[in-house]
Amino acid sequence: MTKRLANLLDADRGGRPGGSGGEPPPAADRTAWWWLRHEWTLAVLAGLLLAVVLTWPTLRHPWTTIPGDLGDPTLQAWQVAWSGHALLTDPLALWHSNTFFPERYTYAYSDTLLGYAPAGLFVSDPQEAVLRYNILYVLSHALAFVGAYALVRQVGARRIAAAVAAVAWAYAPWRLAHSGHLNILSIGGIALCLAMLARGHGWSLRDGHQPQRHRPGWALAGWLVAAWQVSLGFGIGLPLVYFLLAGCVVVAAAVGWVRLRRGRYLFGRRLLLADLGGGAVLAATCVSIGSVYLRVVDQNPQAERDLAWTRWLSPPLRGYVVAPADSWLWGTRHTYARAQLSWAPEMALLPGVTLIVLAALGLAYSSFRLRHRVLLGLGVLVSGALGLGSNLGADGDPGYLTLSRLLPGWDALRTPGRMMIWTSLLLAILAAGAITAIGDDMARAARGTPDESADNPKVAPTVRPGWRVARVALVLPLALVLVEGVNRTPHPEVPRAPTALRSASAPLLVLPSDGLLELNIMLWSTDGFPQVANGLAGFVPTSQQRTREITAAFPDPASVAYLRQVGIRSVVVLPDRLAGTAWDGVPNRPVDGLGITRDEVDGALVYHLDPSTG
């Protein structure tokens, strides 16, 4: 029994993904049962189960409700559906979506979720679009867990330590403020690509660099995952790109130093080719997507925002200990503290009390080398300082605003608090080092002290009384981070698309044309993807502004003539949404002499600007 126990403990000492020591199992053991019991099978299943439970009730009514609110989630459900529709019908028209008619490159008016395009295939109505969104919402949490678990295992932590770190990162309290931002929740690719790159280059915090463990295939996979992460949006992907670029500079300098001092190469040809090929794919992804955004700014100068937005959204230092309202454990307790923040959704940045305590312990007591702990601690300080935006130093200089002035594209990242993605990941790694050290000490205690067995090989290691109970205590941190990750996120019911939309000829305009209703209209347009003049982004296109101004008097000769001129064939008016808008009173205005027809369809009004379609 003692021997089996020792073997089990040895198997959990960690260091590389792949179970006990990362070596492939004997051929005789390559069976279905072996795969079911494999560490990574269990990690993926655990990630999926946790995602379903900790995002509940997302999958209770996945066709009709959506997490967060009825704003951005409905926009992102449309984004996923549109990209899939474009791939099926006309991939060359991907960037020219069916919204904001007659503008072009409209798919790039917001941070896209292009990497999720395969999930949008065969979406034919709004309910299916909502279903795909909810599934992706749950899977994004699962991938964040699996990615963090893989990274922490790769750097040398025990399984229980990796599980704690993965939960703490994937379900950190600060992320609950972004329940309506799938592009911000989709961070699993960050940790996963770093894990793959570290594995491909034979590196871990515990063992350092081991050239005999080079795996070019893993390195290439890491670059490809990084490119996929960027395709989900530059808001999260761009800092990853710069982090990898900085890592390449450091590695290149190290390679040059070793070559100069020792006369040998650190990397072989295959690994170098994998890095060059994967880096080229990442660069091509950045350039191809980035060029579209540059074209949007060129055509819409009002889309470019100055650093005043960054200053306004910069959180104060106290924001790091404030939880968002959606946190079950801390939300109510931090109500007063949130009220002191000018924009709580981007400033309530608590990474988790348990995570902070464990990370602080990991600085002093860890299985990782001291220099690595120091570097991780510096990373926490630097990323945390950058997250303060303009509240660091003299107007954020040196700091986040300095990067906004120097690095291409960084000025578009107007929410400094999202650097918490990196801060909390580094805290999770530090915490894993502390838990691993505790587990190592318990494993040694389980075998007895050297005085009892080392001097006499005939004396078998003894298991000390109570050590099993002590080892079970390692589950306590896992329980604590799980509790801190419990949500109370609202799941409102998505408004159904008006039947009148189906009887309107495209291109069409829906009134009222302002506010969050525009995002609902974008979702409704997934039923056939007709061209619509509606849409909502971070700026207002010139043509849309002109349409809103002229149609305030609709229907009248000037507005009808203008709409015909730009190509609009139908106008759908939703009377129950008009109160308090510029279009209040439209249903009471006559259409005589305008050369148009009007029908009532289930409480909505459809104006046919082309009488032949009425």
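A crossing of two helices is left-handed if the near helix is turned anticlockwise from the far one by less than a right angle, and right-handed if clockwise. The crossing of α3 and α5 is right-handed. Helices (H or I, at least four residues) and strands (E, at least two) are DSSP runs, numbered from the N terminus.

This is a predicted model, where local features need pLDDT of at least 70, side-chain atom pairs count only at pLDDT 80 or more, and totals for chains, interfaces and linings use all residues. Residues are numbered from 1 along each chain as its sequence is written, and side-chain values use heavy atoms, with hydrogens and water left out.

**Two packed helices**

Two packed helices are described by the angle between their axes and the distance between the axes. Helix α3 (residues 39-54) packs on helix α5 (residues 126-155) at an angle of about 140 degrees, and their axes are 8 Å apart. Axes here are lines fitted to C-alpha atoms, for helices over the stretch in contact, with angles from 0 to 180 degrees between N-to-C directions. Contact means heavy atoms within 4.5 Å. Among the α3 residues that meet α5 are Trp40, Leu48 and Val52. The α5 side includes Leu139, Phe145 and Tyr149.

**Helix α24**

Which residues of α24 are buried? They are Ser559, Val560, Tyr562 and Leu563, in a helix that spans residues 557-566. Buried means under 20% relative accessible area, exposed over 50%, and partly exposed in between (1.4 Å probe, protein chains only). Seen down the axis, the buried residues fall within an arc of 165 degrees, so they line one face of the helix. That arc is taken from the directions from the helix axis to the C-beta atoms. The face turned away carries the exposed residues Pro557 and Gln565. The buried residues pack against β3 (508-511), α23 (542-550) and β4 (570-573). Gly567 follows α24 and has a positive phi, near 110 degrees.

**Strand β6**

Strand β6 (residues 604-608) is mostly covered, with five of its five residues buried. Ala604, Val606 and His608 lie on one side, while Leu605 and Tyr607 lie on the other. In a regular strand the side chains alternate between the two faces of the sheet. Two strands pair if DSSP finds at least two bridges between them.

The hairpin of β5 and β6 has two residues between the strands. Asp602 in this hairpin takes a positive phi near 50 degrees.
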